[in-house]
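Subject: Structure handover

Dear colleague,

Here is the structure I said I would pass on. My notes on what was found in it follow below.

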Amino acid sequence: MMKLKALAERVQEDNNFLKARNSQLLVEKEDLQKRLGIIHENEFNPDTFEIRNLREALVEAKAKLASAMMRETQLREEKREKDRQIENIVSSRKLMEDNLAAQIQNLRIKVDQYENLLFTREREAKSLAEENKLIREMLKQTERRRIELNEM
């Protein structure tokens, strides 16, 4: 259960990170679009120092964007893998619960069988005890008769 909670927390953290990173990338995209607009306006004089700086910044921003997109893809894959792990844990827990329920049911059946056997044995023991009592009584009577016959 703790693993499941930990995985769920990590997935939530990854989701929060992805949302924050997405917002950051949108801001960077808007910034790049603004800079790109400035470049198009200043394209008449390509030797301008500002345009070179903007072009360099654009290349750098594109590299950062590509890196961020790769990281986002990686995080999505990690999230999918964690989701699969969670599903596997949940399904294995369900199988274990079903297995335990079947074991409990089997144990209940065995307990019922033993209770029935115990009841049967108790009845047999009572019956044998009564039979024993009758046999002893018959032995006593036989012994009395033998003594009476010997006395005669």
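Lys 64 has a relative accessible area of 45%, so it counts as partly exposed. Please keep in mind that this is a predicted model. The partner of Lys 64 is Glu 60, and the two form a salt bridge in which the closest N and O atoms are 3.5 Å apart. Glu 60 is also partly exposed, with a relative accessible area of 46%. Both residues sit in helix α2, and because they are four residues apart, about one helical turn separates them.

A second pair in helix α2 has that spacing too: Asp 83 and Lys 79 are four residues apart, about one turn of the helix. Their side chains meet in a salt bridge, at 3.2 Å from N to O. Lys 79 has a relative accessibility of 22% and is therefore partly exposed. Asp 83, at 25% relative accessibility, is likewise classed as partly exposed. The limits that matter here are under 20% for buried and over 50% for exposed, so values in between are called partly exposed.

Leu 7 is 76 residues from Asp 83 along the chain, while the C-alpha atoms of the two are 8.3 Å apart in space.

The next residue to look at is Lys 82. Lys 82 belongs to helix α2, which covers residues 49-151. Is Lys 82 buried or exposed? Its relative accessibility is 15%, so Lys 82 counts as buried. Which residues does Lys 82 contact, once its neighbours within four places in sequence are left aside? They are Leu 7, Arg 10, Val 11 and Asp 14.

In that list, Asp 14 deserves a separate note. Its side chain makes a polar contact with the side chain of Lys 82, at 3.0 Å. The pair also qualifies as a salt bridge, with the closest N and O atoms 3.0 Å apart.

- Glu 60 and Lys 64: salt bridge with the closest N and O atoms 3.5 Å apart.
- Asp 83 and Lys 79: salt bridge at 3.2 Å, N to O.
- Asp 14 and Lys 82: salt bridge with the closest N and O atoms 3.0 Å apart.

The structure holds eight salt bridges, including these.

Some totals for the chain follow. Its secondary structure comes to two helices and zero strands. Of the 152 residues in the protein chain, 12% are buried. Among contacts in the chain with a separation of 6 or more, 65% are between residues 24 or more positions apart. The accessible surface of the chain comes to about 13100 Å², and carbon and sulfur atoms account for 56% of that surface.

Regards

Notes
Residues are numbered from 1 along each chain as its sequence is written. This is a predicted model: local features need pLDDT of at least 70, side-chain atom pairs count only at pLDDT 80 or more; totals for chains, interfaces and linings use all residues. Side-chain values use heavy atoms; hydrogens and water are left out. Buried means under 20% relative accessible area, exposed over 50%, partly exposed in between (1.4 Å probe, protein chains only). A polar contact is a pair of N or O atoms within 3.5 Å; within protein, one must be able to donate a hydrogen and the other to accept it, and residues adjacent in sequence count only if both atoms are side-chain atoms. Contact means heavy atoms within 4.5 Å. A salt bridge is a side-chain nitrogen of Lys or Arg within 4 Å of a carboxyl oxygen of Asp or Glu. Accessible areas come from the Shrake-Rupley method with a 1.4 Å probe; for residues, only the protein chains shown count as cover.
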